[in-house]
Amino acid sequence: MSIYICPTPIGNLEDITLRVLRVLREVDCIAAEDTRHTRKLMNHYQIHTPLVSYHEYNKEVKGDHILAMCMEGKDVALVSDAGTPGISDPGWELVRDAIDAGIDVICLPGPTALIPALLLSGFQTASFIFDGFLPRKKNDRRKYLHELEDEGRTLIFYEAPHRLLGALSDILEILGDRRICIVRELTKVHEEVFRGIVSQAIERFSMNPIRGEIVILIEGVLKPPDEESIIDRK
């Protein structure tokens, strides 16, 4: 009895591992965020495993159902609409409850939007902060950004298209006109990477409204070397 965390393509259907395809065929059931969306992937790869829905609005009821299936000795694959389940998607609660119930949890490696976006940004990759979606409400978002004013690590967020300009306006006012990278529609036909400063991003996307899945990357505060490190190099 196991739950398999199965990453699925974030756009291009070729971006799926052979192991994920095998698991999706072999398990007793696939728990999907949107069964209609997942069925397109299954049809493409001729996978006929039964589907059950598992999303934000039914996760308590369906979570118990999935755990009960596992306790009966069945294997279940967990998928989201795109990318790795549990990363700004439903799933982590199911993993937590499965662990508490003594059910094996097996995570397969695969696609997620934040790492390709980080590598495309040109910002330092040794340390970064990823915090999912920025707060939706303006006051909450501004309060959160104030907490990051002195952060030296690269900042990574997901954002919805209709909230992008509001978020950029707050970023400019609170974090300053620092370097930013905005990546949208990764691996898809209309993939786009914008690199510049925040004010340029506001100008660009005010004139050309953006669509699709968005990742925002903000360069951390560049701190000057401290006095002791300067002395050590002399």
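Modeller: In this predicted model, the count of aromatic pairs comes to four. One of them joins Y144 and F157: the ring centres are 6.0 Å apart and the planes stand at 80 degrees, an angle over 60 degrees, so the pair is edge-to-face. Y144 belongs to helix α6 and F157 to strand β7 (residues 154-159), so that this pair links distant parts of the chain, 13 residues apart. Y144 counts as buried because its relative accessibility is 16%, under the 20% limit. F157 is buried as well, with a relative accessible area of 1%.

A further edge-to-face pair is formed by F194 and F205, with 5.6 Å from centre to centre and 65 degrees between the planes. Here F194 lies in strand β9 (residues 192-197) and F205 in helix α8 (residues 198-207), so the pair ties together parts that are 11 residues apart in sequence. Both F194 and F205 are buried.

In contrast to the buried Y144, K143 is exposed, because its relative accessible area of 58% is over 50%. The C-alpha atom of K143 is separated by 36 Å from that of L108, a residue 35 positions away along the chain.

Technical notes:
Residues are numbered from 1 along each chain as its sequence is written. This is a predicted model: local features need pLDDT of at least 70, side-chain atom pairs count only at pLDDT 80 or more; totals for chains, interfaces and linings use all residues. Side-chain values use heavy atoms; hydrogens and water are left out. Buried means under 20% relative accessible area, exposed over 50%, partly exposed in between (1.4 Å probe, protein chains only). Rings of Phe, Tyr and Trp (its six-membered ring) pair if their centres lie within 6.5 Å; planes under 30 degrees apart count as stacked, over 60 as edge-to-face and the rest as tilted. Helices (H or I, at least four residues) and strands (E, at least two) are DSSP runs, numbered from the N terminus.
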